[in-house]
Amino acid sequence: MSRFSQVRFLVSAASAAQFPADVGAEVGFVGRSNAGKSSAINAIAQRHGLARTSKTPGRTQLLNFFELAPERRLVDLPGYGYADVTAAQRRAWVPLIEALRARESLRGLFVIVDARRGVGEGDEELLEWAGPARRIHVLLSKCDKLGRGEASAAVRAAEAALAGRSSVQLFSALRGTGVAEARDTLADWLGIRDRK
Ligand code: GDP
């Protein structure tokens, strides 16, 4: 049964004034374009098509809030923190992202990184943005594209690059690898208990 009982889209916020009330707990999801973030959100929330909005052209400057349970939210940050975002987009982002960072309910970030690419220099800005006050969890996505040995090597390389600043796991939305583990971590951070 789903850990997240009441998944629903809340709002696409273009300004901090549109953010939901800063109560309860929330976790941000970030990843460079095409990293597999939307697929990860849909797999973890068990709602196909939920994170589609981030793909709509012109909507990349919006923060998309989803409710997973009462006062427990997932925040999709399309395109944040990466070099493939234009300078103009970046300027539009800064106040929005800083307002998100100022929220008491923000517990941490899930960073989606293509397992074949690994954690690199482009991810440093993000780690600094979040840390050390917020937790970070890296999903090494699309791990179905790697052999077993390559996948283990990818985890070791990511752990070395992250140097204790983040937890890390293998993930495949396609095969379901690591989905339960990711869901457990998210539920734990959000303070959502197992339903007995
Ligand atoms: P986003 O831009 O980060 O939101 O990425 P998407 O979730 O839209 O995925 C980008 C591309 O990667 C799409 O073509 C997906 O079908 C593919 N993809 C996403 N997750 C997986 C996965 O677990 N395995 C494989 N093989 N492909 C995936």
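Phe110 counts as buried, because its relative accessibility is 0%; buried here means under 20% relative accessible area, against over 50% for exposed and partly exposed in between, with a 1.4 Å probe and protein chains only. Good morning, colleagues. This is a predicted model, in which local features need pLDDT of at least 70 and side-chain atom pairs count only at pLDDT 80 or more, while totals for chains, interfaces and linings use all residues. Residues are numbered from 1 along each chain as its sequence is written, and side-chain values use heavy atoms, with hydrogens and water left out.

How many aromatic pairs does a search of the whole structure find? The search finds 4. Rings of Phe, Tyr and Trp (its six-membered ring) pair if their centres lie within 6.5 Å; planes under 30 degrees apart count as stacked, over 60 as edge-to-face and the rest as tilted.

One of these pairs joins Phe19 and Phe65: with ring centres 5.2 Å apart and planes at 55 degrees, the pair is tilted. Phe19 sits in the loop between strand 1 (8–13) and strand 2 (25–31), and Phe65 in strand 3 (residues 63–69), 46 residues apart. Helices (H or I, at least four residues) and strands (E, at least two) are DSSP runs, numbered from the N terminus. Phe19 is buried at 11% relative accessibility, and Phe65 is buried at 0%.

I return now to Phe110. Phe110 and Trp189 form an edge-to-face aromatic pair, 5.3 Å centre to centre with 85 degrees between the planes. Phe110 lies in strand 5 (residues 106–114) and Trp189 in helix 5 (residues 179–190), so the pair ties together parts 79 residues apart in sequence. Trp189 is buried, at 6% relative accessibility.
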